[in-house]
Amino acid sequence: VNGDLFASTPSFLGTNPAEVRQGPRTGVRVLAKEEDIARNLLKTLDDAQRKDALIAVEAPKDVLTEAKRKVTSLGEGGLTYEHMRRDQRALLLDLISEYVGRVRPELAKTDLAKIKKAGYDGLRFAWAGSTKRGEGHYYRVQGPTFLLEYDNTQNDANHIHAVWRDF
C-alpha cells in the first residue's frame, strides 16, 4: 500500500488446552475474550434471532476454511447486523475488534476502516453446536471483505482455533 508491503491476515491462533482444568494454573483461559464476547452476543438473541443465527445443531470438527491460502464467502447463513438491536451490534463490533486488534494499532486501524467502508449492513453472525460453555461450538462473523471463524470442539471442547481472514 503506497509502497509499503504488509498484511495482517490470515491470522490463526490456537490453544490446547483452551482452559487449564487442573494444577496451579487452574482456571486460566486462553482466547477467553473471543469466546465470551460471542457467547454474550448469543445470550442476548431472542428466539427469532437465535433461529437465524443457528446454522447447525452440531459444530463442525474444525474451522471450515481449514488451512486454505485463499477463501471466499461461506454463504448467506447467520443473523444479519440489520436484524440486531443496538446492544447486539455493539457486541458484534467488539468481537470483530478483538480479532482485528491483535496486530499493531496502525494496522488494526486500517483494517477496521476497510470493514467500516464495506458497510456494517453486510455483517452476519452465525453459530453452530452447543450453546453451553464447555461443550463443542463454532461461530463465524462474515462481512463483505473478511471472515472470522472460531471452533472449539476438539479435545472435549478444550482446543480452540480462531481465524481472521481477509477476502
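**Salt bridges and buried positions in the predicted model**

Helices (H or I, at least four residues) and strands (E, at least two) were taken as DSSP runs and numbered from the N terminus. The structure is a predicted model, in which local features need pLDDT of at least 70 and side-chain atom pairs count only at pLDDT 80 or more, while totals for chains, interfaces and linings use all residues. Residues are numbered from 1 along each chain as its sequence is written, and side-chain values use heavy atoms, with hydrogens and water left out.

Side chains of opposite charge can pair when their charged atoms come close. A salt bridge was assigned where a side-chain nitrogen of Lys or Arg lies within 4 Å of a carboxyl oxygen of Asp or Glu. This rule gives 10 salt bridges. One of them joins Glu35 to Arg39, with 3.0 Å between the closest N and O atoms. Glu35 is buried at a relative accessible area of 7%, and Arg39 is buried at 5%; buried denotes under 20% relative accessible area, exposed over 50%, and partly exposed in between (1.4 Å probe, protein chains only).

A salt bridge is also found between the side chains of Glu76 and Arg124, at an N to O distance of 2.8 Å. This pair links distant parts of the chain, 48 residues apart: Glu76 is in the loop between β2 (54-56) and β3 (79-80), and Arg124 is in strand β4 (residues 124-129). Glu76 is exposed, with a relative accessible area of 61%, whereas Arg124 is buried at 17%. In a further salt bridge, the side chains of Arg104 and Glu106 meet at 2.6 Å, N to O. Glu106 is partly exposed, with 42% relative accessibility.

Val163, in strand β7 (residues 160-166), is buried with a relative accessible area of 2%. Contacts were defined by heavy atoms within 4.5 Å. Apart from neighbours within four places in sequence, Val163 contacts Ser11, Phe12, Val63, Tyr99, Leu147, Leu148 and Glu149. Tyr99 is 64 residues from Val163 along the chain, and their C-alpha atoms are 8.2 Å apart.

Thr9 is located in the segment before β1 (11-15) and is buried, with a relative accessible area of 18%. When residues up to four places away in sequence are not counted, Thr9 touches Trp164, Arg165 and Asp166.
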